[in-house]
Amino acid sequence: MQSPENGNPDLPPGPQGRRIRNLLGRLRDFRGQMAGFRQAYGDMVFYRLPGMSFCALFSADLIREVLVVKEAVFTPFLAKEGWGIITSPCMPRDSGEHHRQVREVFGGAFVDSRMHGYASVLAANVRETGDGLRAGQVIDYKEAMERLTVQALLDTILGREPRIRPEVAQEATWAIKRDWALDYLPGSSLLRRLPLPAKRRARRALQAMDEAVYGAMQRARASSHGGEDMTSHVVRTADRHERCPFSGDRDIRDELYTLVIGSIDSTTSALVWGLDYLARNPAQRDRFEQEVDEVMGSRPLEGADFGRLPYTRAVFNEIVRLSPPSYASTSHWRQAQEDCRVGGHLIPKGTIVQTCIGELHRDPAHWEHADRFKPERWLQDAPPVHPEHAYIPFLSGPHRCLGWEWATMLVVLALAGLAQGRRLEPLASKPIKPDVLGIGVKGPVRVTVRERRSAA
């Protein structure tokens, strides 16, 4: 193994120099680059890009040390230019007491009593999607699952009446993602001022989204409003909070936008990977379909079915083990606020630490048949034995995703509901491919809708 940058023995091992080469490798195949780094240098790799230093972690113990033990030193990474559309730090990138207070307000929106209500909303969304499918039809499954995810998010967060079209929310979220991406490019201030056609579309979509979000906040404060949506809970809780962490409704709006953005790609990709894994593992697919038939038969899907589908839940657990929502996205990046030692090596101040969950979840040291799709490993009679931080699809510690159970419910209900009386068969013979940066999957993913006889 080599030490980077002048052979400094205190730094973790890694490639010397190669800033441009590392950047091109990331843009070409981020997952392949990380796998290669681990194979060459071990569980802790230091490398550089132009103007930035990184440390990639692949070990459960090292990841726990950064995310939990030394969480105060390694805070969420914030881009240098600041955000143009979302101006609040928001939970994924916030830290300290303010983060704790915001998380406390939002945490109440995910308690069991409210999750039961969300399950009914999600089941209704799945039924609507299923009602639009016809035998022999060919669809872009990724596009359909993204639309389902966006509509489910909108209905959960803002309520089902009045409803906003999912394509509006999709355009708005793409605008925010593009805005975030500019933060990592030189000259971002100039790029933001360019009169691009996409900016005009984005401005209209953001205006429509703002009207929907602020309208939901206004309804939440009306005494006649039932308040089953997430926005109503957050607004009412914040209004009566003794130390409200929000300076105004703009802060709440930013948090809601961030929640939507953080959920779309991760949930959509889990649904697409699930289709792919089941299609390529007929024995597991047959067991999954048998459970669907035994639990639901021909009656409509309902929210309570979430608790009646243990094998489908095991399928979900295995999906996010093999293909976690994010391989190592920016929402998982941490930045050293001071020089700090981790695993015996120096992490210099300013270094960005990446938790490479995709490699961690396939480590044969923790998982038997690590690369195989085996939902059975998650069933109660034989749960897998692994270190605490060897399985963190939704991160861990103070920044663990609050919406993880919501995403779990949607994927489980969607997989089961869309398999009721039908089978969606991929047209391509080759497996689907992940996005080059490790977030989501490449599309389109074309499938044929087939009728299926009940196995019950």
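The model is predicted, so to speak for itself: local features need pLDDT of at least 70, side-chain atom pairs count only at pLDDT 80 or more, and totals for chains, interfaces and linings use all residues. Residues are numbered from 1 along each chain as its sequence is written, and side-chain values use heavy atoms, with hydrogens and water left out.

Start with the rings. A pair of aromatic rings is described by the distance of the centres and the angle of the planes. Here, rings of Phe, Tyr and Trp (its six-membered ring) pair if their centres lie within 6.5 Å; planes under 30 degrees apart count as stacked, over 60 as edge-to-face and the rest as tilted. That rule gives 13 aromatic pairs. Take Phe37 and Tyr41: with ring centres 6.4 Å apart and planes at 65°, the pair is edge-to-face. Both residues sit in helix H1 (residues 19-41), four residues apart, which puts about one helical turn between them. Helices (H or I, at least four residues) and strands (E, at least two) are DSSP runs, numbered from the N terminus. Phe37 is buried at 5% relative accessibility, and Tyr41 is buried at 11% (buried means under 20% relative accessible area, with a 1.4 Å probe and protein chains only).

Tyr277 and Phe373 give a stacked pair, 5.1 Å centre to centre with 10° between the planes. Tyr277 belongs to helix H11 (residues 249-279), while Phe373 is in the loop between helix H14 (357-360) and helix H15 (404-418), so this pair ties together parts that are 96 residues apart in sequence. Tyr277 is buried, at 11% relative accessible area, and Phe373 is buried as well, at 5%.

Three strands form an open, antiparallel sheet in the order E4-E10-E9. E4 and E9 are at the edges with a single partner strand each, so one side of each has no neighbour in the sheet. Neighbouring strands are turned by 35° against each other on average, direction ignored. Strands pair if DSSP finds at least two bridges between them; E4 (residues 138-140) and E10 (residues 446-451) have three, and E9 (residues 422-426) and E10 have five. Thr448 in E10 stands opposite Val138 and also opposite Glu425, while Arg422 has Glu451 as its bridge partner.

Finally, the helix crossing. The axes of helix H12 (residues 282-296) and H15 come within 9 Å and cross at roughly 85°. Axes are lines fitted to C-alpha atoms, for helices over the stretch in contact, with angles from 0 to 180 degrees between N-to-C directions. H12 and H15 are therefore roughly perpendicular (65 to 115 degrees). Phe288, Val292 and Met296 in H12 meet Leu415, Ala416 and Gly417 in H15, where contact means heavy atoms within 4.5 Å.

Notes: Buried means under 20% relative accessible area, exposed over 50%, partly exposed in between (1.4 Å probe, protein chains only). Angles under 35 degrees count as roughly parallel, over 145 as roughly antiparallel, 65 to 115 as roughly perpendicular and the rest as oblique.
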